[in-house]
Amino acid sequence: MADEKLGSRGQAWFCTTGLPSDVVIEVERMSYHLHKFPLMSKSRKLHLLITEHEKEEDDDGEIEEEELHHIKLSDFPGGAETFEAAAKFSYGVKIELTAWTAAPLRCAAEYLEMTEDFSEDNLISRTDRFIAQSVLRNIRDSIKTLKSCENLMPLAEDLGIPQHCVDAIAAKASASPDLNSLFGWPIRERTDPKAILWNGIEVGGRRKSEIRQPEPWFEDLTMLSLPIYKRVIAAMKARDLNPEAIEGSLISYAKSSIPGLSRSSRKRAGAAATPPLSSETEQRELLEIIITNLTSEKSSSLITTQFLFGLLRTANILRSPAASRSALEKKIGAQLENATLDDLLMPSYSYLVDMLYDVECVDRIVGYFVERQEGTSAIIHAEEVVGSPHSENTAMIAVGKLMDGYLAEIASDANLKADKFCDLALSLPDHARVYDDGLYRATDLYLKMTDEMPQ
């Protein structure tokens, strides 16, 4: 049957074969004027419904002819568009399976009972084969199909489609020989460490000699809803995936999902793959996931100090648990030498404090930095390492300059108490400053401000 014989008119869809339609099927707001034989030959469910309707006809001859086979399919998986594709398949029209349409059509086939024992090479086996042999072999296609499952629950879950996709994503990620491959550089793909089975069909990796083109799948993961994304992260962790890969994925997802996470991202053009998380509860949950999955030691190069400060600002706005904020402050303290003055100038979100900036938070971060530096220095001295100036001295001097600039910036805050200014000024050891000019300048600015205040 040619495609031009299938078409829609407003809210109705017709199959014009020269024969009058003898069945009308309603899906959502669309009415499909079809023929019972093609549908009954492929779908056990429609076969039973139409047969039942014909039996009612025999019992009551007063039924109007056009109403004889009027069937309404409520809650049809995938909606009207998916039913249209399934109807075309029943008529023998070639349909295109893609990563986006495979799961909806598989669920539709299950709903319509389009099984192999009812009709050879039916829609269930056709979609199963496509998912196993095409979708699950490609990480980006697996992500797209996983996304398409979100509106097909719980049927998609009962069929195991989301879990197969999650496993395939984790397997493909863990099969990458190095982290560079995760960020788009061409690699030689290895065979997957664990075979994935889809209804008895083995889904393995490609040949070792095959070269894979760059695939920015980190960004693709940002389209997933938070519950589904959590499953992907859990699967990656279960395969002992490189922590940097998990951190990199978390960064991408956080930047696309939490509005205003980084100051630079507010100016970036282009929409994210998925809208920002709508509720504060979801944003707070995502923050907890990120914090939990950050490595306990000093972060990799992927987790910048700027990003950590963005997380901390968001945590403060959302009133995240104190333990979570403390964990972020400690992470920042471990790499404070990489921070900028703009990072430190965090607004105060406390209703109990009149100061413009959150100096208490900065004071704690500096304390964590000093504590870590002193611990590192003690280890180095214990091992009697000799050579060029130690990196902790360089970091301490960098933070000294940073704090001098910070003190000068907050000196104009009329609500900054003298004892708090002194605490910040003395928070670093003497060797943090080669010269005290910056500290003197900040102190001078603060004293001028206090002299100008009305008594």
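Where is the place of Pro154? Pro154 sits in the loop between helix 6 (139-148) and helix 7 (155-158).

The model shown is predicted: local features need pLDDT of at least 70, side-chain atom pairs count only at pLDDT 80 or more, and totals for chains, interfaces and linings use all residues. Residues are numbered from 1 along each chain as its sequence is written, and side-chain values use heavy atoms, with hydrogens and water left out.

**Figure 1. Overview of the protein chain.** The protein chain has 19 helices and 9 strands. Helices (H or I, at least four residues) and strands (E, at least two) are DSSP runs, numbered from the N terminus. The chain holds 455 residues, of which 47% count as buried. Buried means under 20% relative accessible area, exposed means over 50%, and partly exposed lies in between (1.4 Å probe, protein chains only). A contact means heavy atoms within 4.5 Å. Of the contacts between residues at least 6 apart in sequence, 67% join residues at least 24 apart.

**Figure 2. Packing of helix 8 against helix 10.** Two packed helices are described by the angle between their axes and the distance between the axes. The axes of helix 8 (residues 161-174) and helix 10 (residues 226-238) come within 9 Å and cross at roughly 45°. Helix 8 is therefore oblique to helix 10. Axes are lines fitted to C-alpha atoms, for helices over the stretch in contact, and angles run from 0 to 180 degrees between N-to-C directions. Angles under 35 degrees count as roughly parallel, over 145 as roughly antiparallel, 65 to 115 as roughly perpendicular and the rest as oblique. The crossing of helix 8 with helix 10 is right-handed. A crossing is left-handed if the near helix is turned anticlockwise from the far one by less than a right angle, and right-handed if clockwise. Helix 8 contributes Pro162, Gln163, Val166, Ile169, Ala170 and Ala173, which meet Arg231, Val232, Ala235 and Met236 of helix 10. By class, this contact of helix 8 with helix 10 has 8 nonpolar, 1 polar and 1 charged residues. Ala, Val, Leu, Ile, Met, Phe, Trp, Tyr, Cys and Pro count as nonpolar, Asp, Glu, Lys and Arg as charged, and the others, Gly among them, as polar.

**Figure 3. Packing of helix 10 against helix 11.** Helix 10 and helix 11 (residues 243-257) pack at an angle of about 170°, and their axes are 11 Å apart. Helix 10 is therefore roughly antiparallel to helix 11. On helix 10 the contact is made by Leu226, Tyr229, Ile233, Met236 and Lys237, and on helix 11 by Ile246, Ser249, Leu250 and Tyr253. The classes in this contact of helix 10 with helix 11 are 7 nonpolar, 1 polar and 1 charged residues.

**Figure 4. Packing of helix 11 against helix 12.** The axes of helix 11 and helix 12 (residues 280-293) come within 10 Å and cross at roughly 160°. The two helices, helix 11 and helix 12, are therefore roughly antiparallel to each other. Their crossing is left-handed. Helix 11 makes the contact through Ile246, Glu247, Leu250, Tyr253, Ala254 and Ser257, and helix 12 through Leu286, Ile289, Ile290 and Asn293. Sorted by class, the contact of helix 11 with helix 12 has 7 nonpolar, 2 polar and 1 charged residues.

Figure 5. Thr101 is found in the loop between helix 3 (79-90) and helix 4 (102-112). With a relative accessible area of 29%, Thr101 is partly exposed. A polar atom of the Thr101 side chain lies 2.9 Å from the backbone nitrogen of Thr98. Thr101 and Glu81 are 20 residues apart along the chain, and their C-alpha atoms are separated by 9.8 Å. Phe130 lies in helix 5 (residues 123-133). Leaving aside neighbours within four places in sequence, Phe130 is in contact with Leu97, Thr98, Ala99, Ala102 and Val135.

Figure 6. Most residues other than glycine have a negative phi, and most peptide bonds are trans. Met153 and Pro154 are joined by a cis peptide bond, with omega about 5°. Glu28, in the loop between strand 3 (23-27) and strand 4 (30-34), has a positive phi of about 55° although it is not a glycine. Glu28 counts as exposed, at 58% relative accessibility. Arg319, in the loop between helix 13 (305-317) and helix 14 (322-333), has a positive phi of about 55° and is not a glycine. Arg319 counts as partly exposed, at 41% relative accessibility.

Notes:
Polar contact = N/O pair within 3.5 Å; in protein donor to acceptor, adjacent residues only side chain to side chain.
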